[in-house]
Amino acid sequence: MYIVKNIQRIIFVMLVCGMLLASIPARAAEVAVVDIVRVIDASSPGKAGQEYIDKVRAELDAELSSYVKGLGNSKEAASLTEQKRLELARRFDQEFFYVLNILMKNLKEVAHGWLNNNKRGAKVIVAGGSVLAVSSGVDVSEDILRLFNEVKVDFTKGR
């Protein structure tokens, strides 16, 4: 859920970039479209990323609860709780973007591999969220999803 919200933000940026590139003429056969949100959400790496993020969220929530209990009824409890909550929110954001960066890096690698080996004549892949309308013939989301599902990601590695 958290991943999907931020991916939607990224797609908005891609939409803006897509509008800037819309003036570049391209033949339909040269363009392929991928629904990034759907691919990540439905993929094994995306599900693993969501599972990792959910675990991080639970750990941080438990840490906050433990911290609050440890404060007791001190006068500064509310202020200290808010400071801790903000600290944990920053840590969560770092973990979230860590996961998102790994997912996007791997998705880009898969997309480049597909693009280099495709038989459709596609020369560019655009994010589905950055186009106003698309023919089903140029939507390659299922192809990319199939390839992306083969990617194994360990989000704990390198942490």
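This is a predicted model: local features need pLDDT of at least 70, side-chain atom pairs count only at pLDDT 80 or more; totals for chains, interfaces and linings use all residues.
1. Overall composition. The protein has 159 residues, and 34% of them are buried. Its secondary structure consists of five helices and two strands, arranged from the N terminus in the order α-β-α-α-α-β-α. The exposed surface comes to about 10,100 Å², with 57% of that area supplied by carbon and sulfur atoms.

2. Contacts across the sequence. Among contacts with a separation of 6 or more, 84% join residues 24 or more positions apart.

3. Helix α5 and its cover. Helix α5 spans residues 141-148, and its buried residues are Ser141, Asp143, Ile144, Leu145 and Phe148. The elements that cover these buried residues include the strand β1 (31-34) and the helices α2 (36-42), α3 (44-71) and α4 (77-117).

4. Packing of α4 against α5. Two packed helices are described by the angle between their axes and the distance between the axes. For α4 and α5 the angle is about 115 degrees and the axes are 10 Å apart. Their crossing is right-handed. On the α4 side, the residues that meet α5 are Leu103, Asn106, Leu107, Val110, Ala111 and Trp114; on the α5 side they are Asp143, Ile144, Leu147 and Phe148. By type, this contact is made up of eight nonpolar residues, one polar and one charged.

5. Spacing along a helix. An α-helix has 3.6 residues a turn, so residues three or four places apart point the same way. This may be kept in mind when reading the residue numbers of the contact, among them Leu103, Asn106, Leu107 and Val110 in α4.

6. Asn106. This residue belongs to helix α4. Its relative accessibility is 14%, and Asn106 therefore counts as buried, the cut-off being under 20%. With residues up to four places away in sequence left out, Asn106 touches Phe148, Val151 and Val153. Phe148 is itself one of the buried residues of α5.

7. Glu30. Where in the chain does Glu30 lie? Its place is the loop between α1 (2-21) and β1. Glu30 counts as buried because its relative accessibility is 17%. Apart from neighbours within four places in sequence, Glu30 is in contact with Gly121, Ala122, Lys123 and Val124.

8. Aromatic pairs. The structure contains four aromatic pairs. In one of them, Tyr52 and Phe155, the ring centres are 5.9 Å apart and the planes stand at 35 degrees, so this pair is tilted. The pair links distant parts of the chain, with Tyr52 in helix α3 and Phe155 in the segment after α5, 103 residues apart. Both Tyr52 and Phe155 are buried. Another pair, Phe96 with Phe97, is edge-to-face, with 5.3 Å from centre to centre and 90 degrees between the planes.

9. Phe97, at 39% relative accessibility, counts as partly exposed.

10. Aromatic cluster. Which residues do ring pairs link into a cluster? The cluster consists of Tyr52, Tyr98 and Phe155.

Note on methods: Residues are numbered from 1 along each chain as its sequence is written. Side-chain values use heavy atoms; hydrogens and water are left out. Helices (H or I, at least four residues) and strands (E, at least two) are DSSP runs, numbered from the N terminus. Buried means under 20% relative accessible area, exposed over 50%, partly exposed in between (1.4 Å probe, protein chains only). Contact means heavy atoms within 4.5 Å. Accessible areas come from the Shrake-Rupley method with a 1.4 Å probe; for residues, only the protein chains shown count as cover. Axes are lines fitted to C-alpha atoms, for helices over the stretch in contact, and angles run from 0 to 180 degrees between N-to-C directions. A crossing is left-handed if the near helix is turned anticlockwise from the far one by less than a right angle, and right-handed if clockwise. Ala, Val, Leu, Ile, Met, Phe, Trp, Tyr, Cys and Pro count as nonpolar, Asp, Glu, Lys and Arg as charged, and the others, Gly among them, as polar. Rings of Phe, Tyr and Trp (its six-membered ring) pair if their centres lie within 6.5 Å; planes under 30 degrees apart count as stacked, over 60 as edge-to-face and the rest as tilted.
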